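Colleague: Before I plan anything around this protein, I would like a close look at a single part of it. Please take your time and connect the details for me.

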Amino acid sequence: MTNLLEDVRSALRQLRRYPLYTEIIILILTLGIGANTAIFSIVDALLFRRMPVDRPYGLFYVRHQSPLGGFDGMTIALDDRAP
């Protein structure tokens, strides 16, 4: 435990000695943590959370190819179709 405490003190002395280096380290850590948080939030919202509908199995995707070669589509629920 004493070696760990000595290593931390030595690291803090080195960081205090070179303030520009310290600022660059803090900037890199901030960008890394921010990017990691953003990517996890996107993955969590898209892959891990349930869809905000009562019956997600009742959804399907309709895709139409136009004569000009383009595609368009939309997601609809089974209850929204015409009688």
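Colleague: Could you look closely at helix α2 (residues 19-48) for me, and say which residues of the protein form a nonpolar patch on the surface?

Modeller: Please keep in mind throughout that this is a predicted model. To place the helix first, the protein has 2 helices and 2 strands, and along the sequence these follow the pattern α-α-β-β. Helix α2 covers residues 19-48, and T22 is one of the residues that lie in it. T22 is buried because its relative accessible area is 17%, and the cut-off for a buried residue is under 20%. When the neighbours within four places in sequence are set aside, T22 is in contact with L15 and R16.

R16 is itself exposed, with a relative accessible area of 63%, and together with R9, R13 and R17 it gathers in a patch of positive charge on the surface.

Returning to helix α2, I42 also has its place there, and I42 counts as exposed because its relative accessibility is 52%, where the cut-off is over 50%. The nonpolar patch on the surface that you asked about is formed by I39, F40, I42, V43, L46, L47 and F48, which together have about 780 Å² of accessible area.

As for the protein as a whole, its accessible surface comes to about 8,000 Å², and carbon and sulfur atoms account for 64% of that surface. Buried residues make up 4% of the 83 residues, T22 being classed as buried. Finally, of the contacts in the protein with a separation of 6 or more, 3% are between residues 24 or more positions apart.

Key:
Residues numbered from 1 in each chain as written. Predicted model: local features only at pLDDT ≥ 70, side-chain atom pairs only at ≥ 80, totals over all residues. Heavy atoms only, no water. Patch = residues over 30% accessible without salt bridge, like charges linked within 9 Å, V, L, I, M, F, W, Y side chains within 5 Å. Areas by Shrake-Rupley, 256 points an atom, 1.4 Å probe, with all protein chains shown as cover. Salt bridge = Lys/Arg side-chain N within 4 Å of Asp/Glu carboxyl O. Lys, Arg positive; Asp, Glu negative; His and termini not counted. Charge placed at Lys NZ, Arg CZ, Asp CG, Glu CD. Buried < 20%, exposed > 50% of the residue type's maximum accessible area, 1.4 Å probe, protein only. Helix = DSSP H or I, 4+ residues; strand = E, 2+ residues; numbered from the N terminus. Contact = heavy atoms within 4.5 Å.
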